Amino acid sequence: MSMSTPTSDETAAPRRERLEGTVALVTGASSGIGAATARALAAQGAAVALAARRKDRLDEVAAAVRDGGGTALVLECDVTDEVQAASAVAQTVGELGRLDTLVNNAGVMLLGPVVDAPLSEWKNMVELNLLGLLYCTHAALPHLLAAAEDDPRHVADIVNLSSVAGRFARNGNAVYSLTKFGVMAFSESLRQEITKRHVRVSLVEPGATATELASHNRSEILENIRSQFGQTMEAGDIADAIAYIVTRRREVTINEVLIRPTEQER
Ligand SMILES: NC(=O)c1ccc[n+]([C@@H]2O[C@H](COP(=O)([O-])OP(=O)(O)OC[C@H]3O[C@@H](n4cnc5c(N)ncnc54)[C@H](OP(=O)(O)O)[C@@H]3O)[C@@H](O)[C@H]2O)c1
């Protein structure tokens with residue numbers, strides 16, 4: 001760190017770098033937080049690759065990005081399949097030229113008691129929230145490391161979506177919490193491994209956000225979730241935080257952001 005007198009440039013407010021000339025891949029971009037994030041990063045100038053299974057919904061998000069003057073690539077893909085996850089990364093780099101930002105957002109939350117839980121729900125969460133994230137990260141890392149050595153930013157980003165449930169395990173969210181605690185552990189270890197190579201790893205932990213996430217639960221569980229639902233945030237609130245994270249200057253990493261609706265106590 002320089003101990004010399006700061007120049008007027010150094011004393012100015014921190015610069016907010018825009019994302020022109022960069023490429024972002026957002027998984028789970030067909031709805032909720034992923035769709036909002038893709039639009040937010042495109043608004044900052046990034047070309048965005050949109051990955052999820054529902055092509056019609058991805059097409060809608062891509063149209064909104066293009067209407068705003070941005071560039072969007074639609075990737076119909078199931079990230080729980082390692083070949084499809086690797087192919088999504090390869091197509092992004094093949095068609096958009098590089099990869100600077102990976103947002104591992106695709107996720108599923110299937111709540112309820114452990115006793116008598118359908119094992120298929122646990123498999124679904126582990127395969128998507130953990131393995132999907134790992135497959136995308138593994139395929140993306142060589143490209144992110146290359147981008148971090150290159151113009152325009154000499155830094156690259158991985159943003160992993162965890163949850164308040166990744167900080168606090170509660171009765172009824174055992175396996176969802178297990179997956180999100182795993183995302184936290186993986187993110188922190190990876191951060192230590194690559195931070196000197198200027199690939200930043202950030203963890204975002206939202207509280208209740210109005211999206212389609214809860215709708216995949218069994219009806220009796222869904223009723224229970226709805227009865228406990230209080231104030232919710234909007235997907236755009238989380239997208240805002242992600243856009244903030246990836247537009248910091250090269251010397252600054254936002255490691256972790258926990259965001260709750262103001263009225264959410266736990
Ligand atoms: N909403 C909340 O309250 C909240 C709170 C904390 C954390 N989070 C986290 O935020 C992330 C986004 O969730 P959300 O709330 O925006 O829910 P959402 O609207 O249900 O979005 C989930 C996204 O994941 C995609 N997806 C599901 N399975 C996939 C697969 N096999 N391959 C590729 N994409 C897949 C879905 O698209 P397709 O169905 O088209 O594939 C969808 O775009 C999740 O990781 C979630 O755990 C949300």
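How do the residues of the shell around the ligand divide into nonpolar, polar and charged? Keep that in mind as you open this predicted model, and start by selecting the ligand together with its shell. You will find twelve nonpolar residues, 13 polar ones and five charged ones.

Of the 30 residues around the ligand, pick out Ser30, Ile33, Arg53, Tyr176 and Thr211, which come nearest.

Next, look at the oxygen atoms of the ligand. Select Arg53 again: a polar atom of its side chain is 2.7 Å from a ligand oxygen.

The ligand taken alone exposes 870 Å², and the protein buries 95% of that. Then colour helix H2 (32–43) and helix H6, the elements that give two or more residues to the shell.

**Second stop: Ser162.** Move to the loop between strand E5 (156–161) and helix H6 (174–194), and select Ser162 there. Is Ser162 buried or exposed? Its relative accessible area is 4%, under the 20% cut-off, so Ser162 counts as buried.

Show the side chain of Ser162 and follow it to the backbone oxygen of Lys180, 3.5 Å away. To see what else surrounds Ser162, leave aside its neighbours within four places in sequence and display its contacts: Lys180, Val183, Leu203, Val204, Glu205 and Pro206.

Methods. Residues are numbered from 1 along each chain as its sequence is written. This is a predicted model: local features need pLDDT of at least 70, side-chain atom pairs count only at pLDDT 80 or more; totals for chains, interfaces and linings use all residues. Side-chain values use heavy atoms; hydrogens and water are left out. Helices (H or I, at least four residues) and strands (E, at least two) are DSSP runs, numbered from the N terminus. Buried means under 20% relative accessible area, exposed over 50%, partly exposed in between (1.4 Å probe, protein chains only). A polar contact is a pair of N or O atoms within 3.5 Å; within protein, one must be able to donate a hydrogen and the other to accept it, and residues adjacent in sequence count only if both atoms are side-chain atoms. Contact means heavy atoms within 4.5 Å. A residue is near a molecule or strand if one of its heavy atoms lies within 4 Å of it. Accessible areas come from the Shrake-Rupley method with a 1.4 Å probe; for residues, only the protein chains shown count as cover. Ala, Val, Leu, Ile, Met, Phe, Trp, Tyr, Cys and Pro count as nonpolar, Asp, Glu, Lys and Arg as charged, and the others, Gly among them, as polar.
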